[in-house]
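Please take a moment with the sequence and the structure shown here before reading on. The paragraphs after them are meant for a reader who meets this protein without any background.

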Amino acid sequence: MMVEIGFLKECITMEILDRFRLDGKRVFISGGSRGLGREMALALASAGADIVLAARDQSNLEQTAEEIRRYGREVVPLQADMGEMSDCERVCQMALQQGPIDILVNNVGGRRVNIPTVELP
């Protein structure tokens with residue numbers, strides 16, 4: 001790949017995915033212990049990000065955290081029900097104590113009944 005910097009031309013060998021590295025970034029993911037949240041957490045960790053996970057189920061949370069650690073990334077698992085305002089406040093304060101959050105993934109679904117959204121009150 002040729003890269004032009006001002007009047008300089010330099011040949012740089014770089015994988016395209018290297019441009020998307022997240023080294024030094026911290027991500028907060030709600031609903032991050034299973035399903036799409038888990039997959040996003042693992043993908044972002046593999047790209048170099050440290051992860052703060054919030055989820056209801058402590059067992060799934062710890063399992064996902066352990067998988068993230070295998071990438072050599074820092075992970076802070078926080079058990080919370082993001083459908084409860086007090087839990088949201090508590091977890092956000094705890095997450096910010098880790099340092100600034102660079103990326104936010106609001107993944108929590110919040111639906112606990114299996115009916116179409118248009119039929120919800």
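The model is a predicted one, and the protein in it contains three helices and six strands. When these elements are read along the sequence, they follow the pattern β-β-β-α-β-α-β-α-β. Of the 121 residues in the protein, 31% are buried.

Four strands make up an open sheet, in which the order is E5-E4-E3-E6 and the pairing is parallel. Strand E5, residues 75-79, and strand E6, residues 103-106, stand at the edges, and because each has a single partner strand, one side of each is left without a neighbour in the sheet. On average, and with direction ignored, neighbouring strands of this sheet are turned by 10° against each other. Strand E3, which covers residues 26-30, runs parallel to E6 and is joined to E6 by four bridges; across this pairing, Ser30 stands opposite Asn106 in E6.

Two helices can then be placed against the sheet. Helix H1, residues 35-46, packs on the sheet and touches E3, E6 and strand E4 (50-55), while its direction makes about 175° with that of E3. Helix H2, residues 58-69, also packs on the sheet, where H2 touches E4 and E5, and its direction makes about 175° with that of E5.

Is Ala43 buried, exposed or partly exposed? Because its relative accessibility is 43%, Ala43 counts as partly exposed, since that value falls between the 20% and 50% cut-offs. Ala43 and Ile68 are 25 residues apart in sequence, and their C-alpha atoms are 9.2 Å apart in space.

The protein exposes about 8,300 Å², of which carbon and sulfur atoms supply 53%. Ile16, Leu17 and Phe20 make a nonpolar surface patch of about 360 Å². Of these residues, Phe20 has its place in the loop between strand E2 (8-11) and E3, and Phe20 is exposed because its relative accessible area of 56% is over the 50% cut-off.

Note on methods: Residues numbered from 1 in each chain as written. Predicted model: local features only at pLDDT ≥ 70, side-chain atom pairs only at ≥ 80, totals over all residues. Heavy atoms only, no water. Pairing = 2+ DSSP bridges. Axes fitted to C-alpha atoms, helices over the stretch in contact; angles between N-to-C directions. Contact = heavy atoms within 4.5 Å. Buried < 20%, exposed > 50% of the residue type's maximum accessible area, 1.4 Å probe, protein only. Areas by Shrake-Rupley, 256 points an atom, 1.4 Å probe, with all protein chains shown as cover. Patch = residues over 30% accessible without salt bridge, like charges linked within 9 Å, V, L, I, M, F, W, Y side chains within 5 Å. Salt bridge = Lys/Arg side-chain N within 4 Å of Asp/Glu carboxyl O.
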